[in-house]
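Please try each task before reading its solution.

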Amino acid sequence: MVPTFWQPEHLHVMLNHLPVTLFLLLAPLLAAGLISRNPAVFAIAFSLGLLGDLATPFVMQTGERAYHRFNGAQIQPPLDDRGDIAMEMHEDAAEKAAPFIYITGLGCIAGLVFLRWRPDWVRGCAWMVLLISLAATGLTLRAAVLGGQIRHPEFRPAIDETPPHIRNE
């Protein structure tokens, strides 16, 4: 018997914090590197961005497996209707964020290579990674917020269930 700790849904909940957190750190670190022109700051920023990029396929894979376990009724209790909608929206948001994360990761690899062999190109690369990472961060945060709404009704926006003909509008 496999402990519940190693089920896809639990792994997904643990791993999904890596890309979100690392991408939240990436932009301020890149900005600090651009201001200070310190190669060590660039190296840390590019390395953290690359780590967030490398964690993303594992997050996506565990999320996909958890999705199939939810739909196969292997996870109890089942989701309510709003949780099911949040799960679909979360999946769509994650799929939209992934290309930006992967492009950022490629930029981080380029930045690390430039640090070693073309130091004069690092600032241009850092600007490119900074701009793309801002989009990746925003999309990743959206996916994270929607993911939190799957099992947590308290994170969902309130719905006015008063019938329209009774509302004072």
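**Exercise 1: the overall fold**

The secondary structure of the protein chain comes to five helices and zero strands, where helices (H or I, at least four residues) and strands (E, at least two) are DSSP runs numbered from the N terminus. This is a predicted model, in which local features need pLDDT of at least 70 and side-chain atom pairs count only at pLDDT 80 or more, while totals for chains, interfaces and linings use all residues. Residues are numbered from 1 along each chain as its sequence is written, and side-chain values use heavy atoms, with hydrogens and water left out.

Task: state which pattern the protein chain follows along the sequence, and what percentage of its residues is buried.

Solution. Step one is to read along the sequence, which gives the pattern α-α-α-α-α. Step two is to apply the burial classes, namely buried under 20% relative accessible area, exposed over 50% and partly exposed in between, with a 1.4 Å probe and protein chains only. Buried residues then make up 38% of the 169 residues in the protein chain.

**Exercise 2: α2, α3 and the loop between them**

Task: describe how α2 and α3 pack, and find where R37 is placed.

Solution. Step one takes the axes, which are lines fitted to C-alpha atoms, for helices over the stretch in contact, with angles running from 0 to 180 degrees between N-to-C directions. The axes of α2 and α3 lie 8 Å apart, at an angle of about 160°. That makes α2 roughly antiparallel to α3, since angles over 145 degrees count as roughly antiparallel, under 35 as roughly parallel, 65 to 115 as roughly perpendicular and the rest as oblique.

Step two looks at one residue of α2: L22 lies in this helix and counts as buried at 8% relative accessibility. The C-alpha atoms of L22 and L51, which are 29 residues apart along the chain, are separated by 7.6 Å.

Step three turns to R37, which is in the loop between α2 and α3 and is exposed, with a relative accessible area of 57%. Phi of R37 is near 60°, a positive value in a residue other than glycine. Most residues other than glycine have a negative phi.

**Exercise 3: α3 with α5, and M89**

Task: say how the axes of α3 and α5 cross, and whether M89 is buried, partly exposed or exposed.

Solution. Step one is the helix pair: the axes of α3 and α5 come within 12 Å and cross at roughly 30°, which makes α3 roughly parallel to α5.

Step two is M89, which lies in helix α4 and is partly exposed, with a relative accessible area of 37%.
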